[in-house]
Amino acid sequence: MPRTARPASGAAVAAGTAAFSTACTRCPRLAGHLAEVRREYPDYHARPVAPFGDDSPQLLIVGLAPGMHGANRSGRPFTGDYAGILLYQTLHRYGYGSHAESLSADDALRLSGCRITNAVKCLPPENKPLPAEVRECNDYLSKELAALKPGTAVLALGTVAHQAVLRGLGLRLAAHGFAHGAQHDLPGPLKLFDSYHCSRYNTNTRRLTPTMFEQVFADIAAYLRRPNLQRPRPV
Ligand code: SF4
């Protein structure tokens, strides 16, 4: 039965992230930034954002970090801002999501077979975590990766997520370069799939189109031998 991680301030999150806490302040710059955001937006989550979805996924999606008015506000990855629109539509199309939209952390959406996390669990200023912050948070991602079943697909959204996955598995970054649509055989065994991040910038500039994104999910479906519920739409 899929479990939905429901972050709450200071609450530890079980299953795959045993040591993770939404009270984590290991990165002083990010903790200070979040304290400022909480003062300016008292109703925002504005704390580390816990992973969301199935505890025992076939597919783990790794994003970059919470967005200011998305996950940082709602407390659920890719929820409430532009970047989540294409992601949750695609997850629904490929049978992972109960709904095509993720509106808030307490809506009815459930993920089955899929879990979403971020390389960095805290909102970084200007969406740019420092390399030291990516390394500090990699401890959590490493635990999440270690909990995956052999054969799990891992989808990295962008270069930072791709490299965080490699680092989390103790692999050399030079051994596997990032490229949209690339696939990498990793120990575990795990299969890493790369996609450009589904950010507003990438989709507005058509660096990433819905067809390109859906093709990555079709590749994952073929690897997992899941029914390819809907073929990519012609654009
Ligand atoms: S980015 Fe990660 S390690 Fe750094 S404070 Fe946030 S949860 Fe902790």
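**Close-up views of the predicted model**

**View 1. The crossing of helices H4 and H5 is right-handed.** Helices (H or I, at least four residues) and strands (E, at least two) are DSSP runs, numbered from the N terminus. This is a predicted model: local features need pLDDT of at least 70, side-chain atom pairs count only at pLDDT 80 or more, and totals for chains, interfaces and linings use all residues. Residues are numbered from 1 along each chain as its sequence is written.

H4 (residues 131-146) and H5 (residues 159-168) pack at about 65 degrees, with axes 8 Å apart. Axes are lines fitted to C-alpha atoms, for helices over the stretch in contact, and angles run from 0 to 180 degrees between N-to-C directions. The two helices are therefore roughly perpendicular (65 to 115 degrees; under 35 is roughly parallel, over 145 roughly antiparallel, the rest oblique). H4 contributes Val134, Asn138, Leu141, Ser142 and Leu145 to the contact, and H5 contributes Val160, Ala164, Val165, Arg167 and Gly168. Residues are in contact if their C-beta atoms, placed from the backbone, lie within 7 Å.

**View 2. Val62 in the largest nonpolar core.** This core has 57 residues. A nonpolar core is a set of buried Ala, Val, Leu, Ile, Met, Phe, Trp, Tyr and Cys residues joined through C-beta atoms within 7 Å. Buried means 20 or more other C-beta atoms within 10 Å of a residue's own, exposed 12 or fewer, partly exposed in between, with C-beta atoms placed from the backbone. Val62, Ala119, Val154, Leu155, Ala161 and Val165 have the most contacts inside the core. Beyond four places in sequence, the contacts of Val62 include Thr117, Asn118, Leu157 and Ala164.

**View 3. Tyr140 of helix H4.** Tyr140 is buried, with 27 other C-beta atoms within 10 Å. Phe20 is 120 residues away in sequence, yet the C-alpha atoms of Phe20 and Tyr140 are 6.3 Å apart.

**View 4. A cis peptide bond from Gly188 to Pro189.** Omega is near -10 degrees. Pro189 sits in the loop between strands S5 (183-186) and S6 (190-195).

**View 5. Positive phi at Glu126 and Arg206.** Phi of Glu126 is near 55 degrees. Glu126 lies in the loop between strand S3 (114-118) and H4, and is exposed, with 6 other C-beta atoms within 10 Å. Phi of Arg206 is near 60 degrees. Arg206 lies in the loop between helices H6 (200-204) and H7 (210-224). Arg206 is exposed, with 10 C-beta neighbours inside 10 Å.

How values were computed:
A crossing is left-handed if the near helix is turned anticlockwise from the far one by less than a right angle, and right-handed if clockwise. Two residues are in contact if their C-beta atoms, placed from the backbone, lie within 7 Å.
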